[in-house]
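Please look over the sequence and the structure shown here before reading on. The questions that follow go from the whole chain down to single residues.

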Amino acid sequence: SARSERKFYYKVENEVYGPYTERKMQEWYGNNMLPLDLKISMRKSSQDTTLQQLIDINGRAAPFSRYVNNGNEHAAASDEKRKDAQNAVNEVRDGISRLKSSFSDLPGDSPKESRSSSNSHKS
């Protein structure tokens, strides 16, 4: 059996129109018939997103390929970026800790004192 195509609704001045197939929405979009601030949803009563948000998420070629309700995808993506950034920070901290401990194993002066005394030799 053929997979049923997703349906979309759009809202203009709080009047809801639809349902329209993904193919029909894509056709209208391809013919520049839809404004970027058009409010779009997959259920009459659900929160809507804008065409611009769908383009930002799915790209210009096929903005209706994946529907994301009200920017939740943006939140998920930024959470992922935040985790990646935190992991990178943790890796740098670990590296600094390892460097510090390797310096403390060296005999003699601390790295700062060694650096300042080596600078004084150059002058």
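Q: Among contacts in the chain between residues at least 6 apart in sequence, what percentage join residues at least 24 apart?
A: The model is predicted, and the contacts considered here are those in the chain between residues at least 6 apart in sequence. A contact means that heavy atoms lie within 4.5 Å. Of these contacts, the share that joins residues at least 24 apart is 35%.

Q: In what order do the 4 strands form the open sheet, and which are the edge strands?
A: The 4 strands form an open sheet with antiparallel pairing, in the order S2-S1-S3-S4. An edge strand pairs on one side only, and the strands that do so are S2 (15–21) and S4.

Q: What is the bridge partner of Phe8 in S2?
A: Strand S1, which covers residues 7–12, pairs with S2 in the antiparallel sense over 5 bridges. In S2, the residue that is the bridge partner of Phe8 is Tyr20.

Q: Which strands does helix H1 touch as it packs on the sheet, and what angle does its direction make with that of S2?
A: Helix H1, made of residues 22–30, packs on the sheet and touches S1, S2 and S3. The direction of H1 makes an angle with that of S2 of about 105°.

Q: Why are the buried residues of helix H2 placed on the same side of H2?
A: The buried residues of H2 (residues 51–58) are Leu51, Leu54, Ile55, Ile57 and Asn58. They lie on the same side of H2 because they cover an arc around the axis of only 165°. As a general rule, an α-helix has 3.6 residues a turn, so residues three or four places apart point the same way. For H2, the value that puts these residues on the same side is the arc of 165°.

Q: Which residue follows H2, and what is its phi?
A: The residue that follows H2 is Gly59. The phi of Gly59 is positive, with a value near 90°.

Q: Is Asp48 buried or exposed, and which side chain does its own side chain join in a polar contact of 2.9 Å?
A: Asp48 has its place in the loop between strand S3 (39–41) and strand S4 (49–50). Buried means under 20% relative accessible area, and Asp48, with a value of 17%, is therefore buried. The polar contact of 2.9 Å joins the side chain of Asp48 to that of Lys11.

How values were computed:
Residues are numbered from 1 along each chain as its sequence is written. This is a predicted model: local features need pLDDT of at least 70, side-chain atom pairs count only at pLDDT 80 or more; totals for chains, interfaces and linings use all residues. Side-chain values use heavy atoms; hydrogens and water are left out. Helices (H or I, at least four residues) and strands (E, at least two) are DSSP runs, numbered from the N terminus. Buried means under 20% relative accessible area, exposed over 50%, partly exposed in between (1.4 Å probe, protein chains only). A polar contact is a pair of N or O atoms within 3.5 Å; within protein, one must be able to donate a hydrogen and the other to accept it, and residues adjacent in sequence count only if both atoms are side-chain atoms. The arc is that of the directions from the helix axis to the C-beta atoms. Two strands pair if DSSP finds at least two bridges between them. Axes are lines fitted to C-alpha atoms, for helices over the stretch in contact, and angles run from 0 to 180 degrees between N-to-C directions.
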